[in-house]
Structure formats: structure tokens, C-alpha cells
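Hi everyone, thanks for coming. Please have the sequence and the structure open while I talk, and stop me whenever you like.

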Amino acid sequence: MSPTAPATSLRAAALAVLTLLSLGLPWRAAEAGSYLPGIVVPGGTVLDANGNLDIIPGYVLPGFLLPGASALAGYQTQLRITVAVVVILLWLALRRRSPALGVAAVAVAVLAIPLVGLQPSPGQLCYLAAVVCLVG
């Protein structure tokens, strides 16, 4: 066993934990909905042609709530497909001992970050830590 084997296995374990954790943590914060208030249209009176007083009733138009967006976890985003592709590329790189496939896995992992949108959310920070662990 080489002296770097424990460090490599520790790094692989940290990579796996951080990646799985990033899939469970929120990647997009919940957005609050907005309320559009209703209006009151007042009634009135009108004299008709015969001189009778006619009453026009008023009415109320109710307001309504526009729903917001709920928080999305990593497994609900496009990232879940990217993580699967990166895992397959890493497995192939280890199996075939191909550094080119390892570089391709790192490239896919890095290029996936702007795919979901850059926000300082716990899931994205955990994924960034996993990418740093993969590169390092």
C-alpha cells in the first residue's frame, strides 16, 4: 500500500459525501408570491326617463395571490444528470486508467455550475467543495 493511498481514499470519500450532500441541500431559495389587492366599485343612483330613481349596486372585485417558486434541492435540478455523467466518466477513467476521461469528468463538473444558476445556496457551495476536492 502506498503512502498516498489513505489520502486518496479519504479524498474519494469526501468527494462522495459532498456530492451526495449537495444533491439533498437546496439549490434555489424559495421565492415569495405576490398579492394583487382587489378593488371596490361603488354603486350609485340614476334617474330614468320616467323620473324614477334607479339604484345601481356596487360590487367588489377580490384580490388574488400569485404563487411564488418553491425551493429546489439538487436532485430536482439538472444537476442530477450531470452528477451521473461525472460519476460514469470517473469510473471509466479509473477502470481504463485514462487521464483524458478524468479531465473530461472535471470539465463536465465545472461546466455544470452555471447550468443551474449561480446563487450562494448551501447545495451549490457543497457542490463547489466537491469540485475542488475532485480537482485537488
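This is a predicted model: local features need pLDDT of at least 70, side-chain atom pairs count only at pLDDT 80 or more; totals for chains, interfaces and linings use all residues.

Now, is Ser 121 buried or exposed? Ser 121 is buried, because its relative accessible area is 7%, and buried means under 20%. Leaving aside neighbours within four places in sequence, Ser 121 is in contact with Pro 26 and Trp 27.

That brings us to Trp 27, which belongs to strand β1, residues 26-28. Trp 27 has a relative accessible area of 2%, so Trp 27 is buried too.

Ser 22 counts as buried because its relative accessible area is 0%.

Gly 123, Cys 126 and Tyr 127 lead us to helix α5.

Helix α5 covers residues 122-135, which makes 14 residues. From its first C-alpha to its last, α5 reaches 20 Å, close to the 20 Å expected at 1.5 Å a residue. Which residues of α5 are buried? They are Gly 123, Gln 124, Cys 126, Tyr 127, Ala 130, Val 131, Cys 133 and Leu 134.

A quick reminder: a disulfide is a covalent bond between the sulfur atoms of two cysteines. How many disulfides does the count come to? The count comes to zero. Cys 126 is in no disulfide, and its nearest cysteine sulfur, that of Cys 133, is 11 Å away. As for burial, Cys 126 has 9% relative accessibility and Cys 133 has 14%, so each counts as buried.

Next, the largest pocket. The largest pocket has a volume of about 660 Å³. Its lining is made of 25 residues, and those nearest its centre are Ala 12, Leu 15, Leu 90, Leu 94 and Leu 134. Which elements give two or more residues to this lining? They are α1 (5-24), α2 (79-96), α3 (99-111) and α5. Helix α1 gives the largest share of the lining, with nine residues.

Between α2 and α3 there is a loop, and Arg 97 is found there. Arg 97 has a positive phi of about 55°, although Arg 97 is not a glycine. Is Arg 97 buried or exposed? With 76% relative accessibility, Arg 97 counts as exposed, because exposed means over 50%.

Let's turn to the strands. Strand β4, residues 44-47, pairs with strand β5, residues 53-56. The pairing is antiparallel and runs over four bridges. Within it, Leu 47 stands opposite Leu 53, and Thr 45 has Ile 55 as its bridge partner. The hairpin of β4 and β5 has five residues between the strands, and there Gly 51 takes a positive phi near 90°.

One more strand and we are done. Leu 66 has its place in β7, residues 64-66. Leu 66 is partly exposed, because its relative accessible area is 36%. Which residues does Leu 66 contact, leaving aside neighbours within four places in sequence? They are Gly 33, Ser 34 and Leu 36. Leu 66 and Leu 36 are 30 residues apart in sequence, with their C-alpha atoms 7.6 Å apart in space.

That's my tour, and I'm happy to take questions.

Technical notes: Residues are numbered from 1 along each chain as its sequence is written. Side-chain values use heavy atoms; hydrogens and water are left out. The expected span of a helix is 1.5 Å times one less than its number of residues. Buried means under 20% relative accessible area, exposed over 50%, partly exposed in between (1.4 Å probe, protein chains only). Two strands pair if DSSP finds at least two bridges between them. Contact means heavy atoms within 4.5 Å. A disulfide is a pair of cysteine sulfur atoms within 2.5 Å. On a 1 Å grid over the protein atoms alone, a cavity is a set of points where a 1.4 Å probe fits but cannot get out, and a pocket is an open set with protein on both sides within 12 Å along at least five of seven lines; lining residues have an atom within 4 Å of a point. Grid points are joined across faces, edges and corners, and a volume is the space filled by probe spheres set on the points.
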